[in-house]
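Biologist: I am new to this structure. Please take me through the terms one by one and show what each rests on.

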Amino acid sequence: MASSEISAKPDLGSLRIGEGQRKSSGMGRRVMYAAIPVLIFAGIVAAAYAFRSQKPVVEVASAAKPDSGGRQALLNASGYITPRRRATIAAKITGRVTGVFFDEGTRVAQGQLLATLDESDVKRAFDSAKADRDSAQAAIADYEVQLRNAQIGLHRAEQLQKAGVQTQEALDNAGTAADSLKAKIALAKQQVTASEARIAVAQQAVDNCTIRAPFAGVVVSKDAQVGEMVSPNSAGGGFTRTGIATIVDMHSNEIEVDVNESYIARVENGQQVTATLDAYPDKPIPSKVRTVIPTADRQKATVKVRITIIDLEKYNFILPDMGVKVAFLENEQPAAKDKSKDKEKGPQAVAFIPKSAVRSDANASFVFLVRDGKVERRAVNLGMDRGTDVAVLAGVSPGDPLVVKGPESLHDGEKVEIRQ
């Protein structure tokens, strides 16, 4: 019995760690600790190599060919197509939409029905006002019948009183009854007038339930659907629409540009302009300055200029909010003075490039051309400043791809990646 108890006890000596095992585990930890800095350094080297091998990303634009013949451009600017007549159509009252009779792109005429609102409540008020009017008119008819009878009684009382058969009191009572009916008729007529006024108010409320186009144009936005609540203000909460549709008169499209105030002296009313839509760069549009807004934006240091498109009907592809670039042309000079003026001009521009492509270094101007995936530094001789563009007298040729946006650390011969 004692021997079985002794054999059942665990052998703790088997868990003892030998001196050799202790030394080997300590050596492994030291090797691991020594390898950590090596791994960190290798990661830093790999990251630095990957960073050095990464190509800088640049944006590229081509040098433009100068204007050949005709009038030269004095200034370039960019802007947008904006309609003079553009309206967001809203309801005059708060109500639920019961009908929508248009879609985006629908051409509408002036006064055309666009949508209807629930008119059940205002219709009841309209019917009630009509009932009040009809009741007052019926009362007038009854009072007029009674008045005729009272006037007959008054006449009889007058005759009897003159004959001495009837007293003066009876005559006075007959006169009072006739006068009272006349007053009631006058009151009923006033009630009819008041009812007519309430009918007009109720009719206006009914008319407010129909939304019509204020002018002919094209629907560019559909802002409400059947079943939604609309209101002329936001009092109805976040789920209430404040507009039904947006209509644009395409015949009122014009160009609006912001001109830097440093160059606004080159712009005048009636000046000829050549406009080019960003969507149709191969279709120049003849235009002219309509007006220079007589105020400046102190935040942007610009002046707003509105430009009229000549023969707008010919360009049915012009849409509101399209981006457009414009060139303000110099005024025509007499033919006799053209030759002498050409002699005074001196060197002519070989190309026009964006001002963002020009860089400076030690009082010298240069640009970066992109050739076979590499940048090539090219010194340029600059000419007239045209706002967003500048003339180049020498150094580049029309069509040369130039870096317009990229890191300042670019250097000659560096490989780059062009952002599409």
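Modeller: The protein chain has an average pLDDT of 82, and 83% of the residues score at least 70; pLDDT is the predictor's confidence in each residue, from 0 to 100. This is a predicted model, in which local features need pLDDT of at least 70, side-chain atom pairs count only at pLDDT 80 or more, and totals for chains, interfaces and linings use all residues. Residues are numbered from 1 along each chain as its sequence is written, and side-chain values use heavy atoms, with hydrogens and water left out.

Biologist: Where is confidence lowest, and where is it highest?

Modeller: Helix α1 (residues 2–8) is lowest with a mean of 48, and strand β15 (residues 302–309) is highest at 95. Over residues 1–7 the pLDDT is below 50, and this stretch has zero contacts in the model beyond near neighbours in sequence. Contact means heavy atoms within 4.5 Å. Residues 339–343 also stay under 50, with two contacts beyond four places in sequence. Where pLDDT is low, the predicted coordinates should not be read in detail.

Biologist: How many helices and strands are there in the protein chain?

Modeller: The protein chain has five helices and 24 strands. These are DSSP runs numbered from the N terminus: helices are H or I with at least four residues, strands are E with at least two.

Biologist: Why is D385 called partly exposed?

Modeller: Buried means under 20% relative accessible area, exposed over 50%, and partly exposed in between (1.4 Å probe, protein chains only). D385 has a relative accessible area of 22%, so it is partly exposed. D385 lies in strand β21 (residues 381–385). Leaving aside neighbours within four places in sequence, D385 is in contact with L74, Y263, R266, K355 and V390. D385 and N76 are 309 residues apart in sequence, yet 9.2 Å apart in space from C-alpha to C-alpha.

Biologist: What makes I44 exposed?

Modeller: I44 has a relative accessible area of 54%, therefore I44 counts as exposed. I44 lies in helix α2 (residues 19–53). Together with I36 and I40, I44 forms a nonpolar patch on the surface, with about 290 Å² of accessible area in total.

Biologist: Which residues touch the most other members of the largest nonpolar core?

Modeller: They are I255, V257, I318, V326 and F328, in a core of 24 residues. A nonpolar core is a set of buried Ala, Val, Leu, Ile, Met, Phe, Trp, Tyr and Cys residues joined through side-chain atoms within 4.5 Å. Elements that give two or more residues to this core include β2 (73–83), β12 (253–260) and β16 (323–329). Another core of 20 residues lies apart from it, with L114, C209, V219 and V230 among its members.

Biologist: What is noted about the phi of D311?

Modeller: D311 has a positive phi of about 55 degrees although it is not a glycine. Most residues other than glycine have a negative phi. D311 is in the loop between β15 and β16. Its relative accessibility is 47%, so D311 counts as partly exposed.

Biologist: Is D372 buried or exposed?

Modeller: At 80% relative accessibility, D372 counts as exposed. D372 is in the loop between β19 (364–371) and β20 (374–379), and its phi is near 50 degrees, a positive value in a residue other than glycine.

Definitions and conventions: Patches are made of residues with over 30% relative accessible area and no salt bridge: like charges are joined within 9 Å, nonpolar side chains (Val, Leu, Ile, Met, Phe, Trp, Tyr) within 5 Å. Accessible areas come from the Shrake-Rupley method with a 1.4 Å probe; for residues, only the protein chains shown count as cover. A salt bridge is a side-chain nitrogen of Lys or Arg within 4 Å of a carboxyl oxygen of Asp or Glu.
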